Amino acid sequence: MKAEEIRSMSAEQLTDKLKELKAELFNLRFQHAINQLENPHKIADVKHDIARVMTVLREKNV
């Protein structure tokens, strides 16, 4: 996701997106642990997206 896309979302949409991303990260870690993950770099991408969403949420709350 790009930062522009994230900034255009409302706070409620951002919290929903954050929940989705955290669930996706959990699933990716689980797949990685049992050697079923084809692209391990996807874990890092999801972590970066989580950080972007959290940053924008903090900006909107201030």
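Visitor: Is Asp49 buried or exposed?
Guide: Keep in mind that this is a predicted model. Asp49 is buried in it, with a relative accessible area of 12%, and the cut-off for buried is under 20%.

Visitor: OK, and which residue forms a salt bridge with Asp49?
Guide: That's Arg52, with the closest N and O atoms 2.8 Å apart. Arg52 counts as partly exposed, at 35% relative accessibility.

Visitor: How are Arg52 and Asp49 placed in helix 3?
Guide: They sit three residues apart there, so about one helical turn separates them.

Visitor: Switching topic: how many salt bridges turn up in the whole structure?
Guide: Searching the whole structure gives four. Among them is one between the side chains of Glu59 and Arg7, at 3.3 Å from N to O.

Visitor: What about Lys42, which side chain does it meet in a salt bridge?
Guide: Glu24, at 3.4 Å from N to O. Lys42 lies in helix 3 and Glu24 in helix 2 (residues 11–33), so the pair ties together parts 18 residues apart in sequence.

Visitor: And how exposed is Glu24?
Guide: Partly, with a relative accessible area of 29%. Lys42 counts as partly exposed as well, at 37% relative accessibility.

Definitions and conventions:
Residues are numbered from 1 along each chain as its sequence is written. This is a predicted model: local features need pLDDT of at least 70, side-chain atom pairs count only at pLDDT 80 or more; totals for chains, interfaces and linings use all residues. Side-chain values use heavy atoms; hydrogens and water are left out. Helices (H or I, at least four residues) and strands (E, at least two) are DSSP runs, numbered from the N terminus. Buried means under 20% relative accessible area, exposed over 50%, partly exposed in between (1.4 Å probe, protein chains only).
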